[in-house]
Amino acid sequence: MQYSIKELRARKGETQQETARAIGVSTQTYCAWEKNLANVGISKVAALCRHFGVTLDEIKY
């Protein structure tokens, strides 16, 4: 099953600001990612996977 990062964030009960801080990006950058994850670098996608406890295959692009 695949999940959007918005859904993963909501399941974890975090705000966009909290998730952005945990990943090491600005809130504005994270907000843009929730709208379009297509141009995010692989190292940041890996950080999202670790943060949310999912595999790359489980994140919806």
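Let's start with threonine 19, which counts as buried at 0% relative accessibility; buried means under 20% relative accessible area, exposed over 50%, and partly exposed in between, with a 1.4 Å probe and protein chains only. Keep in mind that this is a predicted model, where local features need pLDDT of at least 70, side-chain atom pairs count only at pLDDT 80 or more, and totals for chains, interfaces and linings use all residues. Residues are numbered from 1 along each chain as its sequence is written, and side-chain values use heavy atoms, leaving out hydrogens and water.

Threonine 19 sits in helix α2 (residues 16-23); helices here are DSSP runs of H or I with at least four residues, numbered from the N terminus. What does threonine 19 touch? Setting aside residues up to four places away in sequence, the list is Arg9, Glu14, Tyr30, His51 and Phe52, where contact means heavy atoms within 4.5 Å.

On to the cysteines. A disulfide would be a pair of cysteine sulfur atoms within 2.5 Å, and by this rule the count is zero. Why? The sulfur of cysteine 31 is 19 Å from the closest cysteine sulfur, in cysteine 49, so that is too far for a bond. Cysteine 31 is partly exposed at 21% relative accessibility, while cysteine 49 counts as buried at 9%.

Now for the surface. Leucine 56 lies in the segment after α4 (42-52) and is partly exposed, with a relative accessible area of 40%. Together with Ile42 and Tyr61, Leu56 forms a nonpolar patch with about 340 Å² of accessible area. Such patches take residues with over 30% relative accessible area and no salt bridge, joining like charges within 9 Å and nonpolar side chains (Val, Leu, Ile, Met, Phe, Trp, Tyr) within 5 Å. The areas come from the Shrake-Rupley method with a 1.4 Å probe, and for residues only the protein chains shown count as cover; a salt bridge is a side-chain nitrogen of Lys or Arg within 4 Å of a carboxyl oxygen of Asp or Glu.

Conventions: Helices (H or I, at least four residues) and strands (E, at least two) are DSSP runs, numbered from the N terminus.
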